[in-house]
Amino acid sequence: MDTKKRKAGLFLLLAACLLTGIFYQVNSPRRFVFAEVILLAAVCLAAFFMWKKGYEEAGIFLLFGVGFLLRACYILYTPTWVRQHDVIGFGTGFGQAGLIEYYYENRQLIDFDPRTLWGFFQPPLHHILAAVWLKLNTLLKVSYNHACENVQVLTLIYSTLVTVYAYRIMKEFQLSGRALVSGLCLVAMHPCFILMAGSINNDMLCILLQVMAVYYLIRWYREPKFSTIAILAVCVGGSMMAKLSGGLIAPAMAFVFLYRLIKDRGNFWKLFGQYVLFGILCIPLGLFFPVRNLILFDVPLNYTPGVGEPVGAYSVLRRLFDIRTDIPYTHMIVNGCEYDEYNIPLALLKTSLFGEYDFRQTVGIAMPFAWALLISGAFLAVLSLIGMIYVLKKKDTAMTFPMKAFFALYYAVSVLFYLNFCFSMPYFSSQDFRYIAHILVIMGLFFGLFYKECIKKRWMKNIMTGMLVVFSISSAAVYILIGLYQWK
């Protein structure tokens, strides 16, 4: 057995042990948080000794280990009614937790107008999987309340797999060494995926399937095969079956399909057959639920109820350019702030790092780390955007034109969708980064490619490395401290 397989086996064993501990619960979440700190130190120590064998191997081991531990730590100290979106809570009969329970109890699609119960308009894939998981838990004699908490194990797995597929995407573009570790670090250590590991709504599954779709699209473009496009179709359709915003990848993907057809006209009928297979698999999966609701209950295809504090009273200029802030967390009147966060770029950044939450009262000691996380996160976002522009313009890179066009279009459509959503639904919650969190993988990819291109510019590499170190340490510190103080 080679070294990579042994390390993969070790990581899987560690993950299995932690998941077992979470599944069957521990006596004290705080003790578990302390144990995770010790495990984090052990992973860091192991990576240090691996350094001599190769920077890339040590860095990847460290990122997968620390990233998974932070996510596992977070779901243990975060109940299913804390820091959630549209979940409400189990036992209430509504919200996304209520929808999971509906499928758990009834074993059928909803047979009434989904607008009559909050959260029931959502596509069913995540909720059906969660209901099956809930049933499996109870069959294994796990108490029902604990089984509900264990739904977070699913979102933990989804969040971890995003890092795995981000790694695979980056390897497709010949990233290696420090460039690979740098790009992956942005994904593995980003607080957005720590928070979403504990959020039992449908966001994380939708994002995972979109990221998987990106990977299989790259593989298909390089070698068009029926098996690959079938997997791609299931990923895209499944993403939309988890949440309709999974369809954001469609315009960019359609461009790649068309480009490949024009470039490879000699294989027209073979490619056409693959596109037919894609449509047969993807369209029913992605659209059957909203079309069903339209036919049976006259629910608009793009139905989304307004929710949260309204921010539409502010001018467009203020919502786009007024980026003043006196705290790193989001402003909310309910938390004692004088207004709700209305500036879109600032809300985008803050919610990506802290969600829609203010930790000043619960864990004030984290404030210096929160500021460091906000500042370094802003720098990394700007550097990623600069890197994307640089790589897209440069001719001799590892990324070919169709892939450049795909990522540029995918990124642009996602951002335009987000901005349109912010203005068409002018509520505080509409500005949450989770609606386009899949772009983190794109940012990580271009950050790594830019790092690779800057190999002769040592000052730029030092800035990028320094910001990543500050970002990673601050991210870990904030979310470990939250757990320690929450259960003190």
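**Before starting.** I am looking at a predicted model, where local features need pLDDT of at least 70, side-chain atom pairs count only at pLDDT 80 or more, and totals for chains, interfaces and linings use all residues. Residues are numbered from 1 along each chain as its sequence is written, and side-chain values use heavy atoms, with hydrogens and water left out.

**Entry 1: helix 8.** I began with helix 8, residues 177–188. Helices here are DSSP runs of H or I with at least four residues, numbered from the N terminus. I checked its span: the expected value is 1.5 Å times one less than the number of residues. For these 12 residues that should be 16 Å, and the end C-alpha atoms are 16 Å apart, which agrees. Next I asked how many of its 12 residues are buried. I found 10 of them buried, among them L180, G183 and C185. Buried means under 20% relative accessible area, exposed over 50%, and partly exposed in between (1.4 Å probe, protein chains only).

**Entry 2: the core.** I then looked up the largest nonpolar core, which has 141 residues. Such a core is a set of buried Ala, Val, Leu, Ile, Met, Phe, Trp, Tyr and Cys residues joined through side-chain atoms within 4.5 Å. Helix 10 (residues 203–222) gives the most to this core, with 16 residues. L232, F407 and Y479 have the most contacts inside it. I picked F407 and noted its contacts (heavy atoms within 4.5 Å). Leaving out residues up to four places away in sequence, F407 touches F173, V214, I218, M399, I442, L445 and F446.

**Entry 3: salt bridges.** My search of the whole structure found 12 salt bridges, each a side-chain nitrogen of Lys or Arg within 4 Å of a carboxyl oxygen of Asp or Glu. Which residues does R434 pair with? One is D203, at 2.6 Å from N to O. This pair links R434, in the loop between helix 17 and helix 18, to D203 in helix 10, 231 residues apart. The other is D86, with the closest N and O atoms 3.9 Å apart. R434 is buried, with a relative accessible area of 6%, while D86 is partly exposed at 23%. I also saw that D86, D203, K243, D432 and R434 are linked in a network of salt bridges.

**Entry 4: a partly exposed leucine.** Last, I visited L301, in the loop between helix 13 (268–297) and helix 14 (316–321). L301 is partly exposed, with a relative accessible area of 45%.

Key: Helix = DSSP H or I, 4+ residues; strand = E, 2+ residues; numbered from the N terminus.
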